2 protein chains.
Amino acid sequence: MAQQYEKVALIGLGLIASSMFWAMKRAGTVGEVSGYARSAETRATAREIGLCDTVCDSAIEAVKDADLVVLCVPVGVMGAVAEEIGPHLKPGATVSDVGSVKKAVIDSVGPHIPEGVHFVPAHPLAGTEQSGPTAGFAELFDNRWVLIVPSSDDTDDAAVIRLQAFWEGLGAFVERMDAEHHDLVLAVTSHTPHLIAYTMVGVADDLRRVTDSEVIKYSAAGFRDFTRIAASDPTMWRDVFLTNKEATLEILGRFTEELFALQRAIRKGDGDHLHAYFTRTRAIRRGIIEAGQDTAAPDFGRTGSKR
Amino acid sequence: MAQQYEKVALIGLGLIASSMFWAMKRAGTVGEVSGYARSAETRATAREIGLCDTVCDSAIEAVKDADLVVLCVPVGVMGAVAEEIGPHLKPGATVSDVGSVKKAVIDSVGPHIPEGVHFVPAHPLAGTEQSGPTAGFAELFDNRWVLIVPSSDDTDDAAVIRLQAFWEGLGAFVERMDAEHHDLVLAVTSHTPHLIAYTMVGVADDLRRVTDSEVIKYSAAGFRDFTRIAASDPTMWRDVFLTNKEATLEILGRFTEELFALQRAIRKGDGDHLHAYFTRTRAIRRGIIEAGQDTAAPDFGRTGSKR
């Protein structure tokens, strides 16, 4: 495949950045990849495992001459990083990111992008519960969606198309979406489910009458799926909730409303209501499997659950 | 292995019963297995796939001469089944079940068990989101826990020990627990998580501003784990909530209390509270993996997420 960017800079070297690096190497679509992480320990690990062609000791050094700069840091610090690198960006370069919220990123990063540099925010909907520079793998984005969220109506179309081709080269499907809708969709498919999972695991951990060892031993009855989600990176998720406050609170409101209705049906012994509700939710699962977004194998095909 | 029971009768032929049958065949620890399901279609499928040595057209016929009768029907109909088969049970036989709640089963089944027959309720903590006679597989109980919940203090110890050995032969670990504690533990590790997952999927399905096709396409961001749980059998789960009302409502109350505290932290922008909460929940996940109750592979080892 032809080279899409001569030099790509990854700022932040966690799960997403490291997966991007291995996927770029697999695709062979970029010339050189530089990387930077704030923590010296992360930089040392990156050098050790060959993550990035060059690991730099400053963000400014990493973005030098880069045609594409991708911010892979928690949403809460993106503005500060953008402020630091802004004056050192190559004219004509594209700055993108991988943040889970988009309005807040546009607001905090946008003002620091100089004239002549394209700012094209994006969000790969892919991840695992693991984090850090060693967590990445080349296949993370295969058949997953990347949402490109242009920061304004006059974003350069060529820059958007180039970034789209880049992500397709990493195995992803790409779609464009406006920032507000993105943040609402993600509040439904990701942010609220994560908050709920964190809450349920916290409740289980807190309950004196049921011990932690009981919770652990008997987790296979459903709870362990929640613990996977609730093992995700705390800093990243703190920032998601602080920066996608409105949409998350809206969906949480809808959630508690529905939960109270089901709770009432349980209290009143209204089996018909429960049965109808539980039947309806099966269709969505079928849709996800048919769309290739999850495995049809029972129990996610966990070891031992093969038919 | 020596034969543990000469004849076992399975009443109800869904995921659990069919898995028990294949696991019994793998273990070679029982003589003959008879089965019965209320639906003629299920019985026909069972005969077609060789599920059970004999598929009977009535429960009474199936339990004839059985040393162990296992009720594998939804909790809400166990009492009626027990009433029907009670007079036809072999003296000295054991009646057990696989229901997800235990107090309600003891109350509804117990009165129909005649003198001289042992009633030893049990609950294998294993399952997938799939249901029906074709959903079973021999490995379902491997390394999973089965809780034996004796129905009264004067339950025959030999009958309990025999049932324990039977489940161990199917690959499970066994522990004894009293009914009230069982129902509380399961409300935490299973019943409340299922209700929450059903609710979240229902909310996503209901929301007009986010389409079902968006929910499906972008589900990999966390939501799809919820849809797996919310694809479980509606009848079984209706009965669970109707019969474990008190414990489920108690845990739901704790859950909403915690959720409101986190919601308030989001509204107030209290990042420290969120970060501390999200850090604490990671430890439980580690415990589950160390206890062999889940895979350590990222994203449950779903296809494509290998490192």
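## Annotated domain

An unreviewed UniProt entry annotates residues 6-296 of chain A as "domain: Prephenate/arogenate dehydrogenase". Such annotations may be inferred rather than shown by experiment. Over residues 6-296, chain A is 52% helix and 12% strand. The end C-alpha atoms lie 40 Å apart. Helices (H or I, at least four residues) and strands (E, at least two) are DSSP runs, numbered from the N terminus.

This is a predicted model; local features need pLDDT of at least 70, and side-chain atom pairs count only at pLDDT 80 or more. Residues are numbered from 1 along each chain, and side-chain values use heavy atoms, without hydrogens and water.

## A three-stranded sheet in chain A

Chain A has an open, mixed sheet in the order β7-β8-β9. Pairing requires at least two DSSP bridges between two strands. β7 (122-124) and β9 (173-176) of chain A each have a single partner strand, so one side of each lacks a neighbour in the sheet. Neighbouring strands are turned by 20° on average, direction ignored.

β7(A) pairs with β8(A) (residues 145-148) in the antiparallel sense, over three bridges. A:Ala122 has A:Ile148 as its bridge partner. Helix α6 (residues 157-169) of chain A packs on the sheet and touches β7, β8 and β9 of chain A. Contact means heavy atoms within 4.5 Å. The direction of α6(A) makes about 150° with that of β9(A). Axes are lines fitted to C-alpha atoms, for helices over the stretch in contact, and angles run from 0 to 180 degrees between N-to-C directions.

Technical notes. Chains lettered and ligands numbered in written order.
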